[in-house]
Amino acid sequence: MAATLTDVARRAGVSVATASRAFGEPDRLAAATRERVLVAAGELGYANPQAGTARRTIGVVFPDVANPVYATTLKAIQGQAWHGRHRTVVFDADEDPRREREQIERARELDGMLLCSPRLPDDDVLQLVGSTPCVVVNRLIEPLPSVLMDTEHGPTQAVEHLAALGHDHIAYASGPRGSWADVRRADAIARACERHGIRLTRLSHHAASIQGGRAAAAPASASGATAVIAYNDLVALGVEAGMSEMGIACPDDVSIVGIDDIDLAGAVTPGLTTVRMPIDRCGALAVDLLLQALTGGAAPETVTLNSQLIVRSSTAAPAGR
């Protein structure tokens, strides 16, 4: 069986993301690290999917290209594809399942496709993809290869951080209905809350946008929770804006935590405490796995990249503590 990128990473003693960077973004690695990866690749007979590959046309399907997370993912995908001068065609489903179905049907006419956070049920996605080489980003749909961003460690850290501050009631502001990541983030938060004896209120689903967060602000306030963890940074910022309009200050009256760590999270006041997701690496690695499939290499694997809590000024001890 031909060596995979995971095999190279294991032999070199680095992460899969670092091994991928050695081939696609070598300037971002220390020379010694890159050399270790290349030596491991040579020993295993691993073929860089970018090297000597015919130019391909890759379809990339997004739920909403206006979301900065997907914009960052797209930039990473296009940057990685550029190394082999591959062409990308972008499809925007606009959070509409019917439109997503049509976009996947169009994308499967190309050489291969990347499906970023698809909303359709697993069976529908598998039927639509058919035999077209495909890698799924930020969702697990077996047996398709996937690049996942961890939904357990970072959200659990967020609960532990709030527990340490003294919060005993947390609200979770859910994202779009049908989001694979939303279900798993909510479950991870629920398990962590149970371990720490924290009451959890799950709010109803809202759009993954600032407007969606504004809509969640009133029910979050009515729940009596002293802290809110949001599906993503945009929802978190919307919750903060909506509560501010109600005279509720962050973090004096309520602590707020986002997920993703988009650029805006560190630029607002107060700075948003958030779970940093490896968005750019996720997109670049997905291209590598797809090219591996397109060049007839070993079957691409599913890879999970780590998440990490970044503490800023939007979280504090609850009033009276």
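**Close-up views of a predicted model**

**View 1. Ala81 sits in helix α4, which spans residues 68-82.** Helices (H or I, at least four residues) and strands (E, at least two) are DSSP runs, numbered from the N terminus. The model is predicted, so local features need pLDDT of at least 70 and side-chain atom pairs count only at pLDDT 80 or more, while totals for chains, interfaces and linings use all residues. Residues are numbered from 1 along each chain as its sequence is written, and side-chain values use heavy atoms, with hydrogens and water left out. Ala81 is buried, with a relative accessible area of 1%. Buried means under 20% relative accessible area, exposed over 50%, and partly exposed in between (1.4 Å probe, protein chains only). Apart from neighbours within four places in sequence, Ala81 is in contact with His86, Thr88 and Val287; contact means heavy atoms within 4.5 Å. A separation of 8.7 Å is found between the C-alpha atoms of Ala81 and Ile58, which are 23 residues apart along the chain.

**View 2. An open sheet of six strands has the order β2-β1-β3-β4-β5-β11, with parallel pairing.** Two strands pair if DSSP finds at least two bridges between them. The edges are β2 (87-92) and β11 (303-305), each with a single partner strand, so one side of each has no neighbour in the sheet. From one strand to the next, the twist averages 15 degrees. Strands β4 (residues 134-137) and β5 (residues 146-149) run parallel and are joined by two bridges. Val136 stands opposite Ser146 in β5. Helix α5 (residues 97-107) lies across β1 (57-62), β2 and β3 (112-116), and runs at about 160 degrees to β2. Axes are lines fitted to C-alpha atoms, for helices over the stretch in contact, and angles run from 0 to 180 degrees between N-to-C directions.

**View 3. Helix α6 (residues 122-129) has Val125, Leu128 and Val129 buried.** Down the axis of α6, the buried residues fall within an arc of 95 degrees, so they line one face of the helix. The arc is that of the directions from the helix axis to the C-beta atoms. An α-helix has 3.6 residues a turn, so residues three or four places apart point the same way. The buried residues of α6 pack against α5, β3 and β4. Asp123 and Gln127, on the other side of α6, are exposed. After α6 comes Gly130, with a positive phi near 60 degrees.

**View 4. A six-stranded open sheet with mixed pairing runs in the order β7-β6-β8-β9-β10-β12.** At its edges stand β7 (199-202) and β12 (308-310), each with a single partner strand, so one side of each is left without a neighbour in the sheet. The twist averages 20 degrees from one strand to the next. Four bridges join β6 (residues 169-173) to β7, and these strands run parallel. Opposite Tyr172 stands Arg202 in β7. Helix α8 (residues 180-195) lies across β6, β7, β8 (227-230) and β9 (255-260), at about 160 degrees to β7. Helix α10 (residues 233-245) lies across β6, β8, β9 and β10 (273-276), at about 155 degrees to β9.

**View 5. Ser255 lies in strand β9.** Ser255 is buried, with a relative accessible area of 0%. Apart from neighbours within four places in sequence, its contacts include Leu162, His167, Thr226 and Ser314. Six of the six residues of β9 are buried. Ser255, Val257 and Ile259 point one way from β9, and Ile256, Gly258 and Asp260 point the other way. Strands β8 and β9 pair in the parallel sense over three bridges, and Val228 has Ile256 of β9 as its bridge partner.

**View 6. The whole chain has eleven helices and twelve strands.** For 321 residues, a compact globule would have a radius of gyration near 20 Å, and the 21 Å of the chain agrees. This radius is taken over C-alpha atoms, and the globule rule is 2.2 Å times the number of residues to the power 0.38. Along the principal axes, the C-alpha atoms fill a box of roughly 65 × 45 × 30 Å. Of the 321 residues, 57% count as buried.
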